[in-house]
Amino acid sequence: MSTYAFVDGSSLLSLIESARSYFSMDEGAIFDFGRFFQWKADAAARTFFYNAYPDQKPGTDEASHQVLLEKSQKLFDRINSYPGVHVKNGVARFRPKRGQEQKGVDILLAIDVYRQAVNGLHRAFLFANDGDFYPVLEALQGTQTRTILKCIRGKTPKYLYELADEVSYINELNIVVHFEGAGDDDLYGISELTPNPPLTTITDQGFGFSKTFVFEGGHSYDIYENAHHPHIYAAKDNRAIYKMRKPEVFLKYVERQFGLFPRKEPGR
């Protein structure tokens with residue numbers, strides 16, 4: 001049974017840079033696209049990565065634009081070098097108010113995935129957040145291909161993931177472990193304690209209250225830390241619920257799993 005992945009490159013690259021910033025990764029840290037595309041159960045026989053070369057901005061000299069083109073080419077060559085990964089390019093146009101806008105990339109992706117579907121593709125992973133992919137997901141419902149939409153909560157229209165056969169939410173947590181030199185995967189992991197032990201179980205070990213994370217909708221968790229222990233705990237209703245190494249991991253976990261975002265303070 002064949003499985004192919006179709007990736008909106010601009011969305012993935014944006015998420016990679018967001019992960020780099022959020023987790024304070026080194027600017028020169030290289031993202032391992034091959035490892036990401038072949039990660040665990042999501043491994044596809046072929047992955048198609050869609051992007052575009054940048055258009056020249058008004059007022060930008062030819063030499064500066066050439067540097068950008070060479071940088072893009074170097075990135076595309078690196079992505080294309082991984083086994084089973086293929087880069088497909090559209091075009092881009094620079095708009096004064098919107099910046100670089102890709103043209104034809106979504107159409108190219110849509111044509112490719114539908115063509116593979118009518119030729120008997122069993123499963124299609126689609127990494128996309130843009131509502132412009134609505135028509136192809138709707139069209140795929142008329143084929144035998146099972147669609148798995150990999151998207152970001154809060155950035156994907158509801159009508160898009162309602163058309164997919166399965167939805168798999170991802171965010172910076174799925175990305176950071178694929179930077180070279182990111183360290184042990186456990187550094188960005190999180191585990192739910194089952195059953196949830198009483199809070200005294202961890203306070204008796206020297207863990208003390210550190211801060212409270214409040215999320216939209218009134219949900220809140222208390223964070224407990226111990227300066228002599230590598231792990232921290234998230235507690236609720238006098239029970240220890242989660243164990244992790246970094247508090248920022250917990251925020252991204254709650255966002256990805258439950259669609260809960262930190263509550264914004266008034267005036268911010």
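This is a predicted model: local features need pLDDT of at least 70, side-chain atom pairs count only at pLDDT 80 or more; totals for chains, interfaces and linings use all residues.
Reader: How many bridges join β9 to β10, and how many residues lie between them in the hairpin?

Author: Strand β9 covers residues 208-214 and strand β10 covers residues 220-225, and the two run antiparallel. One of the paired positions is G208, whose bridge partner in β10 is E225. The turn of this hairpin includes G217, which has a positive phi of about 90 degrees. The strands are joined by six bridges, and the residues between them number five.

Reader: Which residue in β11 stands opposite D222?

Author: Strand β10 is also joined to strand β11 (residues 232-236), again in an antiparallel run, by three bridges. These two strands form a hairpin with six residues between them. The residue of β11 that stands opposite D222 is A235.

Reader: What is the bridge partner of Y233 in β12?

Author: Strand β12 spans residues 239-244, and β11 pairs with this strand in the antiparallel sense over five bridges. In β12, the partner of Y233 is K243.

Reader: Is D237 buried or exposed?

Author: D237 lies in the loop between β11 and β12, and this residue has a positive phi of about 55 degrees although it is not a glycine. Because its relative accessible area is 68%, and the cut-off asks for over 50%, D237 counts as exposed.

Reader: Where is S24 found, and why does this residue count as exposed?

Author: S24 is likewise described by a positive phi, near 55 degrees, in a residue other than glycine. The place of S24 is the loop between α1 (9-22) and α2 (33-37). S24 counts as exposed because its relative accessibility is 63%.

Reader: How many helices and strands does the protein have, and what share of its residues is buried?

Author: The C-alpha atoms fill a box of roughly 60 × 50 × 40 Å, taken along the principal axes. Among contacts between residues at least 6 apart in sequence, 61% join residues at least 24 apart. The protein has nine helices and twelve strands, and of its 268 residues the buried share is 41%.

Reader: How far apart are the mean positions of the positive and negative charges?

Author: The protein exposes about 14400 Å², of which carbon and sulfur atoms supply 49%. As for charge, there are 32 positive and 34 negative charges, and the distance between their mean positions is 2 Å.

How values were computed
Residues are numbered from 1 along each chain as its sequence is written. Side-chain values use heavy atoms; hydrogens and water are left out. Two strands pair if DSSP finds at least two bridges between them. Helices (H or I, at least four residues) and strands (E, at least two) are DSSP runs, numbered from the N terminus. Buried means under 20% relative accessible area, exposed over 50%, partly exposed in between (1.4 Å probe, protein chains only). Contact means heavy atoms within 4.5 Å. Accessible areas come from the Shrake-Rupley method with a 1.4 Å probe; for residues, only the protein chains shown count as cover. Lys and Arg count as positive and Asp and Glu as negative; His and the chain ends are not counted. The place of a charge is taken as NZ of Lys, CZ of Arg, CG of Asp or CD of Glu.
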